[in-house]
Amino acid sequence: MPRSSPIHITRQQTEPLDPLLRDAYIAYRNGRLDEAQQLYLAMFKKDARNTDVLLGLAAIALQQEENQIAAQYYSRVLILDPRNAWANAGMSALNPDDDGNESRIKILLREQGNSAALHFALGNLYAGQSRWGEAQQAYFNAYTLESGNAGFAFNLAVSLDHLGQNNLALLHYQNALQLDQSNSAGFDHAQIAQRIRDLNR
C-alpha cells in the first residue's frame with residue numbers, strides 16, 4: 001500500500017496567503033515535486049516555523065523515500081504543535097512498528113475526531129497488520145471527511161478489495177483514478193486499471 005501524506009494549507013481565514021506558499025501547494029497538488037520543493041524551500045528561508053511549509057517539505061520527502069528528512073520536518077512541526085494531526089499521522093507512517101502508535105492516534109482522535117489525516121493514519125496502521133475490517137472503517141472515515149482525496153479513495157478501495165466487497169472496491173478504484181488526474185497521489189494507475197478490469201469480469 002503506498003504511503004500518502006496529504007497536505008493542506010492551515011492558515012486562518014483572516015491571514016493573507018503568501019503567493020510563494022500558494023504556488024508551492026499548487027505545484028505539489030499537480031505532481032510537480034521538484035518545483036514544489038524549491039518553492040517550499042524558498043518559503044522556509046522566509047519562515048522556518050511555518051507548519052504548512054514544514055508539512056509540505058515532509059510530504060515531498062516521503063514521496064521521494066527520504067524518510068529521515070521527512071521525520072526531521074515532522075519533528076519540527078511537533079515541537080511547534082505537539083497535537084498537529086498531519087505531523088502525528090506522518091510520524092506514525094514512518095514508524096509503523098512503534099507499539100504506541102495505535103493508542104497515540106486514538107487519543108488524538110478523541111480530541112480531533114474530524115481529522116481525516118488521523119483516520120487515514122489509523123487505517124494505514126491496521127492495514128499494515130492485515131486488520132482489514134478495522135482498516136476499512138478508518139479509511140471510510142477519512143474518505144467521508146475528505147471525499148476529494150484520491151489517496152483516501154484508493155486506500156478505501158484496497159481495504160474493500162481485501163474484504164471481498166468487489167462492487168464497492170471497484171467503485172472506489174474508479175473514483176481514485178478520476179480524482180488523481182495529475183498522478184500525484186502516489187499509486188500506480190496502470191495497476192489500478194488492471195484491477196478494475198479484473199473486477200469487471
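Q: In this predicted model, which helix holds Gly-56?
A: The structure is a predicted model, and the residue in question falls within the run of residues 51–63. The helix that holds Gly-56 is therefore H3.

Q: Is Gly-56 buried or exposed?
A: The relative accessibility of Gly-56 is 0%, and a residue has to be under 20% to belong to the buried class. Gly-56 therefore counts as buried.

Q: What distance separates the C-alpha atoms of Gly-56 and Glu-134?
A: Along the chain, Gly-56 and Glu-134 are 78 residues apart.

Q: Which class of aromatic pair do Phe-120 and Tyr-139 form?
A: Ring centres have to lie within 6.5 Å for a pair to count, a rule by which the model has five aromatic pairs. For Phe-120 and Tyr-139 the centre-to-centre distance is 5.8 Å and the angle between the planes is 50 degrees. Planes under 30 degrees apart would count as stacked and those over 60 as edge-to-face, so the pair of Phe-120 and Tyr-139 is classed as tilted.

Q: Which helices hold Phe-120 and Tyr-139, and are these two residues buried or exposed?
A: Phe-120 has a relative accessibility of 3% and so counts as buried, and Tyr-139, with a relative accessible area of 1%, is buried as well. Their pair ties together parts that are 19 residues apart in sequence, because Phe-120 lies in residues 116–128 and Tyr-139 in residues 132–145. The helices are H7 for Phe-120 and H8 for Tyr-139.

Q: Which residues are linked into a cluster by ring pairs?
A: Phe-120 also forms a tilted pair with Phe-152, at 4.8 Å centre to centre and 40 degrees between the planes. Because Phe-120 lies in H7 and Phe-152 in H9 (residues 150–162), this pair ties together parts that are 32 residues apart in sequence. Both Phe-120 and Phe-152 are buried, and the cluster linked by ring pairs consists of Phe-120, Tyr-139 and Phe-152.

Q: How are H7 and H8 oriented relative to each other?
A: The axes of H7 and H8 come within 8 Å and cross at roughly 160 degrees. Angles over 145 degrees fall in one class, and H7 is therefore, relative to H8, roughly antiparallel.

Q: How many residues of the contact of H7 with H8 are nonpolar, polar and charged?
A: H7 passes H8 in a left-handed crossing, with a contact that includes Phe-120 and Gly-123 of H7 together with Glu-134 and Tyr-139 of H8. The residues of this contact divide into eleven nonpolar, four polar and one charged.

Notes. Residues numbered from 1 in each chain as written. Predicted model: local features only at pLDDT ≥ 70, side-chain atom pairs only at ≥ 80, totals over all residues. Heavy atoms only, no water. Helix = DSSP H or I, 4+ residues; strand = E, 2+ residues; numbered from the N terminus. Buried < 20%, exposed > 50% of the residue type's maximum accessible area, 1.4 Å probe, protein only. Phe/Tyr/Trp six-rings, centres within 6.5 Å; stacked < 30°, edge-to-face > 60°. Axes fitted to C-alpha atoms, helices over the stretch in contact; angles between N-to-C directions. Parallel < 35°, antiparallel > 145°, perpendicular 65-115°, else oblique. Left-handed = near helix turned anticlockwise from the far one by under 90°. Contact = heavy atoms within 4.5 Å. Nonpolar A, V, L, I, M, F, W, Y, C, P; charged D, E, K, R; others polar.
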